[in-house]
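I opened my notebook and the viewer side by side. Here is what I looked up, entry by entry.

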Amino acid sequence: MKNLLLLLLAILIAPFNAISQNCNCESNFDWLKNTFENNDAGYTYAIETKGAQAYKNHTYAILNKITEVEDQETCATIMNEWLSFFRSGHIGLEMLNQKDSRNKTELSKEEIIKKYSTSPKVDIQLTDFETYLKSKSQLDFEGIWVSDPYKIGIKKIDDRYVGFIIEADGVYWREGQIKFTIEADNSFVYYMQDHSKQTFSTTELWEANYIQSGFVNFERLHPKKTNSPEIERYSKAMVSNETFFEVLDEKTAYLRIPSFNSRFKTHIDSVIATNFETITNTENLIIDIRNNGGGSDRCYSNLMPILYTNPIRIVGLEFYSTPLNNQRMKDLTNLKEANFSDEEIKFFNDAYDKLSNNLETWVNLDSTDVELETYDKIYTYPQNIGILIHENNGSTAEQFLLAAKQSKKVKLFGHTTAGVLDISNMHSVNSPCNEYQLGYSLSRSKRIPHMAIDGKGIQPDYYIDDSILKYKWIEFVSEVLKY
């Protein structure tokens, strides 16, 4: 049932009622602190590893800030600062009015257009700009670029390059508005959909056809030279949200899985099934999960038989039992949209009973601490499997790596992962006056402390240093696998 336990990652909202309805920042922090200390699965582990005195000092510093706060947003920021002591993932607090505003349309199209109508613009005639570009003999940042849904012109003005809208949604962004700038120091200043600013320290121009900075990628539309296959593949991999498969050469196949979100499971399984014969008859396989932040372990279940060489040990987890935590099991049985089977509903009800009978203790809902996962066949091919990873891989993506790297065929390439796996199964509760929602965790892995991932991440077997550009990682791994 460990796979079923990992389904519990869905966040549910349970109102938390307190006797006091005094909703200033101090009382909200008191609610946060008491709720978290009494229920979060990672609280005691953080105190044990970082020290009680460090926690005391941190809390004292936060209390000194809280007493001066009057507005709700600043209060939320400081309470999140308090939560940051414990871990970086599967934790957080947000304002409910902001959360609600994201789930409804507050402004009409006309109101949104008016709201952003005063954003900086440039007055550049497109026909004149295109004529100017044809006269250039050297390719630099100037040109016409695209990254869905934006078509952008870049023109050098004084000592910086200005990216202006040619085509966009016509609501949040309109023709002529400045979408980004590339500054004289090569930093990249980018304006999000809501026109808020993000700044990245460097801007890279790859083969004259691709701009990459932070999470931003633009492809040159005009004037354009022929792309290399490597950069075309990287662009497709980073832009597409869908799994896809390619044969790189007679010895190497490539499988890109950008997400393990449960809504993609059917497509992931379909791609694997369609290309199964090719995969199991090709010497080397590259699996690219860069930017895969997790989801459900069910999404990689059909991949495991291909990687398999020996029994895979999956270390279990345990739940911290409190009345507030245990109610989540009951809530799951009423979650109609999840379409849980009768077996799953029975598991949730049985789990609730077991947890409720063991309050304020750690409870293993499975029959064993470690599950051995075996398959009937070991495929001759692929003989070598390289998995591309980096700092944006977390949660279920890391769970996949822990299982996959037990195969004798598998090596990890890239950068250390995010390290957000040990404390999991998030649950959400509202503050007494429904101003805030706290997300905390119900379970901890039995791997800790000996094989902790949180705050450390999973290191690659082969570190890919910065001298190898991101779009060349696939080519690099392909060559290593052939050695």
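**Entry 1: the cores.** Which residues touch the most other members in the largest nonpolar core? Before answering, I noted that this is a predicted model, where local features need pLDDT of at least 70, side-chain atom pairs count only at pLDDT 80 or more, and totals for chains, interfaces and linings use all residues. Residues are numbered from 1 along each chain as its sequence is written, and side-chain values use heavy atoms, with hydrogens and water left out.

I found the answer to be Leu 32, Trp 82, Phe 86 and Leu 93, in a core of 41 residues. Helix α5 (residues 72–83) gives the largest share of this core, six residues. A second, separate core has 36 residues, among them Val 271 and Tyr 308. My reminder: a nonpolar core is a set of buried Ala, Val, Leu, Ile, Met, Phe, Trp, Tyr and Cys residues joined through side-chain atoms within 4.5 Å. Buried means under 20% relative accessible area, exposed over 50%, and partly exposed in between (1.4 Å probe, protein chains only). Helices (H or I, at least four residues) and strands (E, at least two) are DSSP runs, numbered from the N terminus.

I then looked up Trp 82. Leaving aside neighbours within four places in sequence, Trp 82 has contacts that include Phe 29, Leu 32, Tyr 55 and Ile 62; contact means heavy atoms within 4.5 Å.

**Entry 2: aromatic rings.** I looked up the aromatic pairs, and the structure holds 30. Rings of Phe, Tyr and Trp (its six-membered ring) pair if their centres lie within 6.5 Å; planes under 30 degrees apart count as stacked, over 60 as edge-to-face and the rest as tilted. Tyr 43 and Tyr 55 make an edge-to-face pair, with 5.8 Å between centres and 80 degrees between planes. Tyr 43 lies in helix α3 (residues 43–50) and Tyr 55 in helix α4 (residues 52–66), so the pair ties together parts that are twelve residues apart in sequence. Both Tyr 43 and Tyr 55 are buried.

**Entry 3: disulfides.** How many disulfides are there? I counted two, taking a disulfide as a pair of cysteine sulfur atoms within 2.5 Å. Cys 23 and Cys 433 form one of them, with sulfur atoms 1.5 Å apart. Cys 23 is in the loop between β1 (13–15) and α2, and Cys 433 in the loop between β21 and β22, so this pair ties together parts 410 residues apart in sequence. Cys 23 is partly exposed at 24%, and Cys 433 is partly exposed at 25%.

Cys 25 and Cys 75 form a disulfide with sulfur atoms 2.1 Å apart. Cys 25 sits in helix α2 and Cys 75 in helix α5, 50 residues apart. Cys 25 is buried at 7% relative accessibility, and Cys 75 is buried at 1%.

**Entry 4: strand β5.** Is strand β5 largely enclosed or open? Six of the eight residues of β5 (residues 160–167) are buried, so the strand is largely enclosed by the rest of the structure. Seven bridges join β5 to strand β4 (residues 150–157), running antiparallel; two strands pair if DSSP finds at least two bridges between them. Ile 154 stands opposite Gly 163 of β5. Four bridges join β5 to strand β6 (residues 178–182), also antiparallel.
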